[in-house]
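Trainee: I'd like to learn how to read helix packing and a few other features in a model. Could you take me through one?

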Amino acid sequence: MTATGQTTPAGCPYIRASRGSLLGAPFPTPAVKSARPTGRDIAVVIAFSNVGHPLDNRLLASLPRDHFDRLLPHLATVHLQQGTVLTEAGDEVDQIYFPHHGMLSLLSVLRDGKAIETATVGCEGVVGAMAGLGLYKSLVRVVVQMPMACSRIAAPHFRSAAAASDSIRNLCIRYNEVLLSQARVTAACNALHSIEARFCRWLLQSADRAASDTVPLTQEFLAEMLGVRRTSVTEVASKVQASGAITYSRGVIKILDRPALLRTSCECYETLVDQSAVLA
């Protein structure tokens, strides 16, 4: 059970983020360099570099500098644990998240509590941006799929900046279209393609977001993301591992042969990559 009483997959509990609370410790902003750097100055810079900078998010980096500067004073860099629920379907969006690395999953939740992933967001995107255009309720559950650092801004500050910036308003609209496109492709993929093809597509997407061939994913998470039983994930993972494309042990998947994974994946992986590039 989560703090909200929601049942979660065995061995993979969700962590419900407190509304308005800090999710993980904030990372310090690099101090202004003194004439003679101290050991503390160096430690602060190293700690900050390990989690990234707001400009590691591609959407923030795409903004004209003066428009980005409207957001900068209100951005906090936070670390988010795997399994943290940032938003439930029906919640008012009060925080906007710009990932530096890692991945967020957007899940459509049915009345019986079952859920399936409709889109993923990494350093190329943002979650909650439509709150920049007015009060906005989430239509999906947002879960931290892989441990991550991101820049977070309160919705009122983001709305104020968007009201004064065409670039920020356009960012909200443009990325919302990216998410809608992902949802359409994912819906077709879930309906028409085999579990094995979808599994490989999802691993490729996750590796892209992790910027690594090693991805920390449990069977419980994979089962929910793909909308299948855990036993189905076990069977598919074993088959793909037997082909030599991956190794899978204790919740960690390592891609050994990416071309082989691409061949087994459905066309939807490349479709998602191409559509994101066009809409970005």
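Trainee: At what angle do helix 6 and helix 7 pack?

Mentor: The general idea comes before the case. Two packed helices are described by the angle between their axes and the distance between the axes. Here, helix 6 (residues 195-210) and helix 7 (residues 219-226) pack at about 110°, with axes 11 Å apart. That makes helix 6 roughly perpendicular to helix 7 (roughly perpendicular is 65 to 115 degrees, roughly parallel is under 35, roughly antiparallel is over 145, and the rest is oblique). Axes are lines fitted to C-alpha atoms, for helices over the stretch in contact, and the angles run from 0 to 180 degrees between N-to-C directions. Helices are DSSP runs of H or I with at least four residues, strands are E runs of at least two, and both are numbered from the N terminus.

Before we go on, this is a predicted model, where local features need pLDDT of at least 70, side-chain atom pairs count only at pLDDT 80 or more, and totals for chains, interfaces and linings use all residues. Residues are numbered from 1 along each chain as its sequence is written, and side-chain values use heavy atoms, with hydrogens and water left out.

Trainee: Which residues in helix 6 and helix 7 meet?

Mentor: Contact means heavy atoms within 4.5 Å. On the helix 6 side you have Arg198, Phe199 and Trp202, and they meet Leu222, Met225 and Leu226 in helix 7. By class, that contact has five nonpolar, no polar and one charged residues. (Ala, Val, Leu, Ile, Met, Phe, Trp, Tyr, Cys and Pro count as nonpolar, Asp, Glu, Lys and Arg as charged, and the others, Gly among them, as polar.)

Trainee: How do the axes of helix 6 and helix 8 cross?

Mentor: The axes of helix 6 and helix 8 (residues 230-242) come within 10 Å and cross at roughly 75°. So helix 6 is roughly perpendicular to helix 8 too. Ile195, Glu196, Phe199 and Cys200 in helix 6 meet Ser232, Val236, Ala237, Lys239 and Val240 in helix 8. Those residues divide into six nonpolar, one polar and two charged. Look for Phe199, which is listed in the contact with helix 7 and in the contact with helix 8.

Trainee: Is helix 7 buried or exposed?

Mentor: Go by relative accessible area: buried means under 20%, exposed over 50%, partly exposed in between, with a 1.4 Å probe and protein chains only. Eight of the eight residues of helix 7 are buried, so helix 7 is largely enclosed by the rest of the structure. Among them are Gln219, Glu220 and Glu224. In the protein chain, buried residues make up 48% of the 280 residues.

Trainee: And where should I look for positive phi values?

Mentor: Most residues other than glycine have a negative phi, and most peptide bonds are trans. Alanine 211 has a positive phi of about 55° although it is not a glycine. You'll find alanine 211 in the loop between helix 6 and strand 7 (214-216), and at 70% relative accessibility it counts as exposed. Arginine 250 also has a positive phi, near 50°. Its loop lies between strand 8 (246-249) and strand 9 (252-255), and arginine 250 is exposed, with a relative accessible area of 86%.

Trainee: Which glycine follows helix 7?

Mentor: That's glycine 227, whose phi is positive, near 70°.
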